[in-house]
Amino acid sequence: MLTATAYSLAVVLDLFVVLIGARFLLAPRPSAAGYGVPAKEDGDAAYLTIKGLRDTTFGIMGLALLAFAGAHAEAWFMLVVAIAPFGDTLIVLRHGGSRATAFGVHFATAIVVLLSAALLFAV
C-alpha cells in the first residue's frame, strides 16, 4: 500500500508540474496571474517562457527518474526540487502577490513535495 501511494503521489506531482509548464508555454499571461504575480503587458514574455520550460523539464525529469532509476532517486529529486515552490512562495510575497496564493498554493505544494520525498524514501 505504501509503495503504491508513494509512486502514485510522485507521478501525480510530476504530471502536474508538466501541465503547469505547458500552460505557461501556451497561455503565459493567465498562468502568471494564477502563479500569484501578474505579468506586465510590455515585457515579461521571455521569463514566462523560461518558467514554462523549467516546470516542464522538472516534471519530465521526475517521471524519468521514477521510471528508470527508482523510488530512492525520485525521493532525492523531490527533496531538492522542493526548493522551487519554497522559492516561489517568497517570490509571490516579495512582489506584491497575495499571502493566500503564496501559502495556499506554493508553500502547500512544497510541503506535499516533501511528503512525497518522505514516502519515497520509506519505500
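**A salt-bridge network and a buried serine**

Asp55 pairs with Arg54 in a salt bridge, with 3.2 Å between the closest N and O atoms; the term covers a side-chain nitrogen of Lys or Arg within 4 Å of a carboxyl oxygen of Asp or Glu. Keep in mind that this is a predicted model, where local features need pLDDT of at least 70, side-chain atom pairs count only at pLDDT 80 or more, and totals for chains, interfaces and linings use all residues. Residues are numbered from 1 along each chain as its sequence is written, and side-chain values use heavy atoms, with hydrogens and water left out.

Asp55 also meets the side chain of Lys51 in a salt bridge, at 2.5 Å from N to O. Lys51 and Asp55 sit 4 residues apart in helix α3 (residues 45-68), about one turn of the helix. Helices here are DSSP runs of H or I with at least four residues, numbered from the N terminus.

Put together, Lys51, Arg54, Asp55 and Asp88 form a network of salt bridges.

How exposed are they? Asp55 is buried at 6% relative accessible area and Asp88 at 8%, while Arg54 is partly exposed at 28%. Buried means under 20% relative accessible area, exposed over 50%, and partly exposed in between (1.4 Å probe, protein chains only).

Elsewhere, Ser31 in helix α2 (residues 28-35) is buried too, at 2% relative accessibility.

Conventions. Helix = DSSP H or I, 4+ residues; strand = E, 2+ residues; numbered from the N terminus.
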